[in-house]
Every structure is written in structure tokens, then in C-alpha cells.
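Please look over the sequence and the model before reading on. The report below is meant to be read beside them, one heading at a time.

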Amino acid sequence: MELRHSVCALDCPDCCSLLVNVENGRATRLRGNPDHPVTRGFLCGKVAQYLEREYSPQRLLYPLRRAGKKGEGRFERISWDDALDAIAEKLTKIAREFGSEAILPYSYAGTMGMLNGSGMDRRFFHRLGATRLDRTICSSAGGAALTATQGVRYGTEPEQFRFSKFILAWAGNIHGTNVHLWPFIVEARRNGAKFWVIDPIRTRTAAVADKHLRINPGSDLALALGLAHIIIGENLHDAEYIARYTNGFDALKELARKYDPERVSSLTGIAKEDIVELARTYALSRPAAIRLNYGVQRSERGGAAVRAISMLPALTGSWRERGGGLQLSTSQAFHFDKASLEMPELQMKSLGCEARLINMAELGKALTEVDAPPVKAIVVYNSNPAAIAPNQNLVRRGLLREDLFTVVLEQFQNDTADYADILLPATTFLEHTDLYFAYGHYYLQLARPALPAPGEARSNVEVFRALAKRMHFDDPCFDATDDDMIRGLLGSGHPFLRGITLERLDREHFVRLNMPDPFLPFAEGGFATPSGKLEFGADTLDYAPPVESRHGSAALTKRYPLEMISSKNDDSMNSTFGHRDAVDCATSILHIHRDDAAPRGIENGDRVRAFNDRGSLVLTAEVDGVVPPGVVRVPSVRWAKRAPDARNANALTSDRLTDIGGGPTFYSCLVEVERCGD
Ligand SMILES: Nc1nc2c(c(=O)[nH]1)N[C@H]1C(S)=C(S)[C@@H](COP(=O)(O)OP(=O)(O)OC[C@H]3O[C@@H](n4cnc5c(=O)[nH]c(N)nc54)[C@H](O)[C@@H]3O)O[C@H]1N2
Ligand SMILES: Nc1nc2c(c(=O)[nH]1)N[C@H]1C(S)=C(S)[C@@H](COP(=O)(O)OP(=O)(O)OC[C@H]3O[C@@H](n4cnc5c(=O)[nH]c(N)nc54)[C@H](O)[C@@H]3O)O[C@H]1N2
Ligand code: SF4
Ligand SMILES: [Mo]
């Protein structure tokens, strides 16, 4: 038996360090590595069973070519040579006829690995002169907000939550989506900390909180301003920190004056007394930490909401304290030399300028409306857009186009794979080399292949390298090895990466960034905005309810009176485990409050149809205390192909974009629900 190290590559802040027992080339056990200081040897439920996925009979093993109608999912086996020739020939033809920007890559974070996520693929598409994809689908509104406020996207270390006396999970379902933070919260609570949750839904996390504040979806901006109103009004702010390290306090004070508890209560649905108690508890408990997660920025004013929430620790001076501050993401602390990996300068060779940019949250429009040139080919990897992109019916209409050439690199035949003209088998993170940053801690990790690739599966790196050769791109960068690319990434010269080499990563597997311990990023200012100060930006913060909400458009609300939140399913990862029966079952549910169910004649277990102008889908009702009146929840994201009507929650979600960052607004979504006939 051999013991191999690996890293969980799923799109999760925790980025767990893994240990794999391998016998005769086959994994017999997968577990968490107890030595990792944050992930500490336990795994979430979904990945504890990852070997089921690794060895699933449903894994794609050979290159395939479409043998049926578009979208039907019927294929025939071909050789790698034939597959690569067919792709190279077709892309060359499209580039010649329509220009290279008629080709669109589509990828997200199926793997968080740097090489297989944004390595050889980027070089290939840049050299080709393909359209660039704006990768907005998850975090771009929150990212833009942090950049505007703090200048940089990092914050409190997870290890320091143990020192907090008050922890606020703001739109974060820690038990479901960030479970390795939980033991630090348990430790803090054992030492007397209080733990509150702000979430419209009674999640697993909310169920175990000291207090759960059920907020109206999309109204967090108003709540944050209400907290500022009380904190400033009661003189609980840190005037010295504000004077030294922030900009725009007077304007904020002026704006916050309008957000008295009474008004904020009517906007957010939270009782006045609870708002006041929250403000005082937050400001007076020292230290107090906020774990802000991404739920809050998936609504129309989500960017401004993140801006307003992320100013709170500056208002109270909480950044000064160990166990204070805020964490949304830690990702920008990994100061890689990304340009050395992605080589955007290759576009100069092909196009002579930067290629156009298409927002991935508007894929439906990109495939049906965009012109000059139209999108004639799409190459999908690390993503399942037919399931996860908003306005699904429009996306499907685009993918069904006979004249759209579709290539999909996948591990499983999911919704998007069904639309492929050429479908290529991909390796899993257990089978290829990659370098991993984390967005929930400060450890950099390396994984080497722990297992052989099954069948003829190849890594994304190998596929794009081979395609470059097929297209006669003779630039030496296409000969770079995995190790060359990693060395390039580590070579930025940033102090946080000092002393971290490939050799050290090979030896130690995970290495803490070279930062002070404890890392108190903004204890003495040090914001990375142009002014060097935290920017309150009050002129961007006045609140108006989302158009698609019960407090928004009256005309819409009349027809579609329920707000649908299709937040993450606890025991899966976006659509990645959609082949599992248990996951399919959990993601085919609609939680509805008894006050909304009764007048519609809906009882627990009934088949229901949720619908709006964009589409409809069939689900099973669960009448329970998970949602408040006026809100329904559909745990996401199901493989639509497994549903009776081949649709999932994204048949209803809108492709309207957020206020800043061009992000999707999955959770600003009005629907009506009716009982299906028997
Ligand atoms: N188990 C599991 N873990 C995952 C994932 C998964 O699919 N499943 N996905 C991964 C990915 S891609 C990401 S981005 C992260 C996301 O991690 P989170 O941001 O924690 O996940 P979400 O479910 O999007 O949103 C968190 C909570 O926000 C709440 N929420 C929705 N709208 C609002 C609002 O307007 N205000 C407030 N205050 N709360 C609101 C939701 O009810 C939800 O409980 O999780 C990662 N981890
Ligand atoms: N309704 C609704 N929609 C949502 C969300 C929501 O909360 N509600 N969340 C949104 C968010 S936050 C996100 S991040 C997106 C996630 O959307 P996606 O990034 O598309 O994530 P997944 O659905 O998990 O699909 C990832 C795919 O990558 C494949 N994959 C993994 N590793 C590799 C590899 O090395 N090579 C190749 N070729 N493929 C690989 C997996 O098999 C899987 O099918 O979904 C968004 N969509
Ligand atoms: S999904 Fe997250 S919690 Fe689960 S094993 Fe992977 S990194 Fe760890
Ligand atoms: Mo995400």
C-alpha cells in the first residue's frame, strides 16, 4: 500500500489537503490530511465519497463524436487523433470565415487547479485570438465590491475566528459550504462567543446559531446602513481608526442618518429590536468577526451590499484585533505571476489587440444575439453551462443551433455534454498535477497524480497542448511542462511567495504564504485602494429593493409573488455530483411555507410546478419551516436531464446583471408555484 498526497480541487473555500491509500494502482481510501492546520483531517460528506465518483461506471473514458441530433446525447467512439483533427479543422475553418473571435471558450471552477483551470487553455485561446470569457458566474460582484472598498480581496484568517467573541455568518451557510471553518467557531463558542446568522433561509448553520435573523432577500445593503446608523449614532465607532485609515466618513454618516431602525425594519423584515441588538452586540463584543459569504451578492444590489458590509470592521476598528475583521475571500493573497501562465500577449500575434470580452452570465444572449462575429464555436471545460447558467431556456436555444460547433471536455456526460459535437474524456484532480490557492485560507498546495487516468482520459493541459500542435502553433510556450508553468507562477517576486519553491511544495505538500503570524491585514490601514484608505463610497450605497423582489416591481409581483432562492445544496457541489441519486433527490425539492402552500392547495410531497416568464420546472414540495412566507428555496444545482421536464432552477433565473462586477442575479428571482395535476 502506498500513501499519496492530494488536494481537493472542487470549488470550495476550504481546499482540503487529502491522503489517498493506493493499492496496485487503485485507491482504496480517501481521507483528510490531519496535518493541515485548517482542514485538519476531516472531509465534507460529498468528498468523503469521492472514490464513488472516481470509479463510477458513468465516467467518460474515450473521445466521442455526435451520432444523433443536437442535444440528444448519442455518440460514437473515435480516436484521439480523429477528435483533435476534427476540432483543429473546424476551428481553423471558422476562424478563416468569421474571424477567430467567433470562437468562445467557456470554463469556470470545475477544478480550482491553476494549470488545468487557467493554464494551457488560456495560452491556446489567446494564440488563437478567440473571444475572451468574462468569468463572472460566482463572485465578481463581491470581488468588485471588495476591490472598491479595500483595494484587495483578502481578510481574516480562518484560524483566528477561534479568538472572536462574536461571529456573524452573513449570507454564509458554513455547515454546507465552508465546513472547515466550523471547528474554529465551536472553539470560540466554547470560550463564550456568540454566533449569529443573517439568512432568509433556515440553513443547517442557521439552525444551530444563537440567533437567526431572517432577512428579506436582497435587502442586506439596507441592514448594513442601519447598523452604521446605530453604531455612529450611539458613538460606538472607532473615530481614530476612521480618521487615519478611511475616506468618505462624513458622506457615510449623512447617508446612514436616513436608515433608522424603523425604516430598516420595514425594508429588511427584521424586527427593530433585533437590528438595534445586532448593532450593539457587533460593536461592543471585542473582537467580532464577520464571515461574509457569496449568497449576498447574487442579487441585483449585491455589489453595493458587499461594499456596505465590508465597511463595518473599519467603522468599529475591528481590523485592529486578532479575531476581528471580515472574510469574504482570501484569494488575492496568492500573488502568482498569472501573466506568465496565461500569456495574454499571444493575442497580439493573432489579433494585434485584445479580443472582445463576453460575460459568461449572459451565455444565452451570446449564443443567440451576439453578432459581428456571431459565436460559431464554443469549447466548454470545467463547467456545465446547460445546467448552471441563468436563463436556461435561452442557453438551450443557443446550444441547439445546428451551426454552432460545440466541444466539451468532461468527466461525466452531464447536461452540457449532451450538446457536444465532440466530447473528450477529462481526468480528475486525483489523476493530474496541479497547484492550488485557496479562497478560505492562506495555504498554497501542490498535488501530483495519485492515480492513473482511466481509459483514454486526458488532462485539460494535455488536450490544449495537443490542440496547439494540431493548429501548428509553434510557440515554445506550448512545450512547457507542468513544472515549468508552476515555476512561472511562483516567480512573481511578491514577498508572500518568498521562499516557496516547487521543490518545497513537493516536499511539504502545503505551505503557508510568507506572511506575518497572525496576519492582521488592515490593523494599521494598508488598504490597496488608490488612496491607500478604505473607501466608504457612500455615493454608491443608497438602497432600493431589487426589481425582482416582493418589494420591487409591483406589476411583476402581482403575477409572480414568491421569491426563489436556489442556493447551494449541502451535500453536493454545484452540478458536479448530479449523477448521484441522493443528490438528484435533494435538488428536486421546493421548500415552501405553509402560509403560501395552503392557499395553493399544496401539501407536503405534492408535485408542483414553479414558473415565470422565462420558464417552468416540476419539483416536489416540502412544506416546512426552512423558508419564511413569500420565499421558496430550491437547493441547487440539479442535472436538468434527470428531471421529468429536463429543466432545473436556472430555467427560472434571470440573466439580469448585478449593480457592479457584471455578476449574475440568481437569487433575485420571482416565481409562482402551482400544484401539478395528478
Ligand atoms: N455543499 C456545497 N458547498 C459548496 C457549493 C455547493 O454547491 N455545495 N458551492 C461552492 C461555491 S461555487 C460557492 S460560490 C460557495 C458559496 O458559498 P455560500 O455563499 O455560503 O453559498 P450560497 O448557498 O450561495 O449562499 C449562502 C447563503 O446565502 C443565503 N442568501 C441568499 N440570498 C440572500 C440575501 O439576499 N441575503 C442574505 N443575508 N442571505 C442570502 C442563502 O440562503 C444561503 O444560505 O460554496 C461552495 N461550496
Ligand atoms: N441556480 C443557481 N445556479 C448557480 C448557482 C446557484 O447557487 N444557483 N451557483 C453559481 C456558482 S456560484 C457557480 S461557481 C457556478 C458553478 O458552475 P460550474 O463551474 O459549471 O460548476 P459545476 O456545475 O460543478 O461543473 C463543473 C464541471 O467541471 C467538470 N470538471 C471538474 N474537473 C475538471 C477537469 O479537470 N477538467 C475538465 N475538463 N472538467 C472538469 C466537472 O465534471 C463538472 O461537470 O454555478 C452557478 N450557478
Ligand atoms: S469540497 Fe471543500 S470541504 Fe469538501 S473536501 Fe473539498 S475542499 Fe474539503
Ligand atoms: Mo461559486
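## About the model

This is a predicted model, in which local features need pLDDT of at least 70 and side-chain atom pairs count only at pLDDT 80 or more, while totals for chains, interfaces and linings use all residues. Residues are numbered from 1 along each chain as its sequence is written, chains are lettered from A and ligands numbered from 1 in the order in which they are written, and side-chain values use heavy atoms, with hydrogens and water left out.

## Domains

The protein chain is divided into domain 1 (2-54), domain 2 (64-137 + 337-429 + 455-480), domain 3 (141-328) and domain 4 (554-675), with bounds that come from an automatic or database domain assignment. Taken over C-alpha atoms, the centres of domain 1 and domain 3 are separated by 33 Å. The contact between them takes 12 residues from domain 1 and 11 residues from domain 3, where contact means heavy atoms within 4.5 Å.

## Ligand 1

Ligand 1 is surrounded by 32 residues, and the closest are Asp199, Gly218, Asp220, Asp570 and Ser572; a residue is counted as near when one of its heavy atoms lies within 4 Å. Because domain 3 (141-328) and domain 4 (554-675) both give residues to this shell, ligand 1 lies between them. By class, the shell has 13 nonpolar, 12 polar and seven charged residues, where Ala, Val, Leu, Ile, Met, Phe, Trp, Tyr, Cys and Pro count as nonpolar, Asp, Glu, Lys and Arg as charged, and the others, Gly among them, as polar.

Several polar contacts (pairs of N or O atoms within 3.5 Å; within protein, one must be able to donate a hydrogen and the other to accept it, and residues adjacent in sequence count only if both atoms are side-chain atoms) can be listed here. A nitrogen atom of ligand 1 is 2.7 Å from an N or O atom in the side chain of Asp220, and a polar side-chain atom of Lys46 lies 3.3 Å from a nitrogen atom of ligand 1. A polar backbone atom of Lys568 is 3.0 Å from an oxygen atom of ligand 1. On its own, ligand 1 has 910 Å² of accessible area, of which the protein covers 99%; such areas come from the Shrake-Rupley method with a 1.4 Å probe, and for residues, only the protein chains shown count as cover.

## Ligand 2

Where does ligand 2 lie? Ligand 2 lies between domain 2 (64-137 + 337-429 + 455-480) and domain 4 (554-675), because both give residues to the shell around it. Of the 32 residues around ligand 2, those that come nearest are Glu410, Ser566, Lys568, Ser575 and Thr576, and the shell divides into 12 nonpolar, 15 polar and five charged residues.

An N or O atom in the side chain of Thr576 is 2.4 Å from an oxygen atom of ligand 2, while a backbone N or O atom of Asn384 lies 2.9 Å from an oxygen atom of this ligand. The protein covers 97% of the 920 Å² of accessible area that ligand 2 has on its own.

## Two buried residues

Arg59 is found in the loop between helix 2 (50-54) and strand 4 (64-66), where helices (H or I, at least four residues) and strands (E, at least two) are DSSP runs, numbered from the N terminus. Arg59 counts as buried because its relative accessibility is 6%; buried means under 20% relative accessible area, exposed over 50%, and partly exposed in between (1.4 Å probe, protein chains only). A polar atom of the Arg59 side chain lies 3.3 Å from the backbone oxygen of Ala426.

Thr205 lies in helix 9 (residues 204-207) and, at 0% relative accessibility, counts as buried. Not counting residues up to four places away in sequence, Thr205 touches several residues, including Trp182, Phe195 and Val197.
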